[in-house]
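Thank you all for coming. I would like to walk through one model this morning, going from a sheet to a metal site and then to a pair of helices.

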Amino acid sequence: MSPAQGTVVLVEDDPNIADLVDLYLRRDGFRVLRAPNGAAGLELVRRERPRVVLLDIGLPGELDGFAVFRAIRAESDTPVLFLTAQSDEIDRVLGLELGADDYVTKPFSPRELVARVKAILRRTGQQAGQGTRQAAPFEIGGVTIDQARHQVVVGGSPVELTAREFDLLVYLGAHRGIVLSRQQLLDGVWGTNWFGDARTVDVHVSQLRKKLGTALPLATLRGVGYRLG
Ligand code: CA
């Protein structure tokens, strides 16, 4: 029988980092399967169907972390948490637009990493229909937000949002007419355990604007923050 928290696939070529992450996750009740390169990692993901994938970006062999991520995403919605080393990697992670907007920056504390993994599981568990959020659909501008169905509709057509974009939209919608600073949005949407910076918010806001267009009445107040409605 698997440990209570489920299986995590860890794709990381640095044995010191892998040992540390492995130790902490196992201590917290996870089953950890390790791969030292992208091809082995992808094979593990396909075979074991883990709850979360922890993915280094700079990997030996033909597949780097981005290639592994694209291959995973072509087949499933398995949550992916990137382990990034440089800020240009962070920019690329945030630019992926494919639902992997989670990353930790090396060097990270293993405790923080475990907290992040659990936060991802809480979020995705909720989406899987645990029924904790049953708010009625609401409309802002030309956008209809249906939390129960996890769906956003514009002009009669559903719009695909990543989990984080959806959470951001719901949070802005729940505070309609109120100016929210980037820090407030980080705390409210990403959680106070999040160690990213304000540009994370800006990137997600620009994605929302791109996907929802003029139907979204979202104002930028320069130097202050954002206001919806
Ligand atoms: Ca590496």
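In what order do the strands of the open sheet of 3 strands come? Before I answer, please keep in mind that this is a predicted model, in which local features need pLDDT of at least 70 and side-chain atom pairs count only at pLDDT 80 or more, while totals for chains, interfaces and linings use all residues. Residues are numbered from 1 along each chain as its sequence is written, and side-chain values use heavy atoms, with hydrogens and water left out.

The order is S10-S12-S11, with antiparallel pairing, where two strands pair if DSSP finds at least two bridges between them. Strands here are DSSP runs of E with at least two residues, helices are runs of H or I with at least four, and both are numbered from the N terminus. Strand S10 (179–180) and strand S11 (218–221) stand at the edges, each with a single partner strand, so one side of each has no neighbour in the sheet. Between S10 and S12 (residues 225–228) there are 2 bridges, and Leu-180 has Tyr-226 in S12 as its bridge partner.

Let me turn to the calcium ion. Its protein donors, meaning N, O and S atoms within 2.8 Å of the metal, or 3.2 Å for Na, K and Ca, are Asp-13 (OD), Asp-56 (OD) and Gly-58 (O), at 2.2 to 2.3 Å. Since water is not among the atoms, sites may look incomplete. Asp-13 lies in the loop between strand S1 (6–11) and helix H1 (15–27), and Asp-56 in strand S3 (residues 52–56), so the pair ties together parts that are 43 residues apart in sequence. Taking buried as under 20% relative accessible area, exposed as over 50% and partly exposed as in between, with a 1.4 Å probe and protein chains only, Asp-13 is partly exposed at 34%, whereas Asp-56 is buried at 4%.

Now the helices. The axes of H6 (residues 163–174) and H8 (residues 198–212), which are lines fitted to C-alpha atoms over the stretch in contact, with angles from 0 to 180 degrees between N-to-C directions, come within 10 Å and cross at roughly 90°. Contact means heavy atoms within 4.5 Å, and among the residues that meet are Leu-168 and Leu-172 in H6 and Val-205 and Leu-208 in H8.

Finally, the chain as a whole has 8 helices and 12 strands, and buried residues make up 44% of its 229 residues.
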